[in-house]
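Dear colleague,

Here is the model I said I would pass on. My notes on it follow below the structure.

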Amino acid sequence: MYYGYVKRIRDLREDHDKTQQEIADIFGTSQTMYARYERGANELPIRHLLVLCDYYKVSADYILGREE
């Protein structure tokens with residue numbers, strides 16, 4: 001299954017010079033689980049989407065690819 005946010009969350013993380021482990025720590029999850037979100041192997045939970053919105057100061061629509 002393809003999730004439209006997969007590339008966007010990786011690009012945001014890289015643009016902010018963060019590691020997968022640093023973002024996983026913010027979620028309170030493992031680096032392995034976060035990597036699965038970036039690959040699209042697991043669906044990103046809404047609670048984590050909201051954390052990313054606050055962390056990167058962007059909208060959920062931006063992360064979901066609904067706006068530029």
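Tyr56 is buried, with a relative accessibility of 6% (buried means under 20% relative accessible area, exposed over 50%, partly exposed in between, with a 1.4 Å probe and protein chains only). Tyr55 is partly exposed, at 32% relative accessible area.

Some conventions before the rest. This is a predicted model, in which local features need pLDDT of at least 70 and side-chain atom pairs count only at pLDDT 80 or more, while totals for chains, interfaces and linings use all residues. Residues are numbered from 1 along each chain as its sequence is written, and side-chain values use heavy atoms, leaving out hydrogens and water.

Aromatic rings

Rings of Phe, Tyr and Trp (its six-membered ring) pair if their centres lie within 6.5 Å; planes under 30 degrees apart count as stacked, over 60 as edge-to-face and the rest as tilted. By this rule there are four aromatic pairs. One of them joins Tyr34 and Tyr37, edge-to-face, with 6.3 Å from centre to centre and 90° between the planes. The ring centres of Tyr55 and Tyr56 are 5.1 Å apart and their planes stand at 75°, so this pair is edge-to-face.

Tyr34 and Tyr37 are both buried. Both belong to helix H3, three residues apart, which is about one turn of the helix (helices are DSSP runs of H or I, at least four residues, and strands runs of E, at least two, numbered from the N terminus).

Arg8 lies over the face of Tyr62, 4.0 Å from the ring centre (the rule asks for NZ of Lys or CZ of Arg within 6 Å of the ring centre and within 35 degrees of the ring normal).

Helix H2

Which residues of H2 are buried? In this helix, residues 20-27, they are Gln20, Ile23, Ala24 and Phe27. These residues cover an arc of only 105° around the axis, which puts them on the same side of H2 (the arc is that of the directions from the helix axis to the C-beta atoms). Their cover includes helices H1 (6-15), H3 (31-39) and H4 (46-56).

Contact means heavy atoms within 4.5 Å. Between H2 and H3, Gln20, Gln21, Ile23, Ala24 and Phe27 meet Gln31, Tyr34, Ala35, Tyr37 and Glu38. Just after H2, Gly28 has a positive phi of about 75°.

Regards
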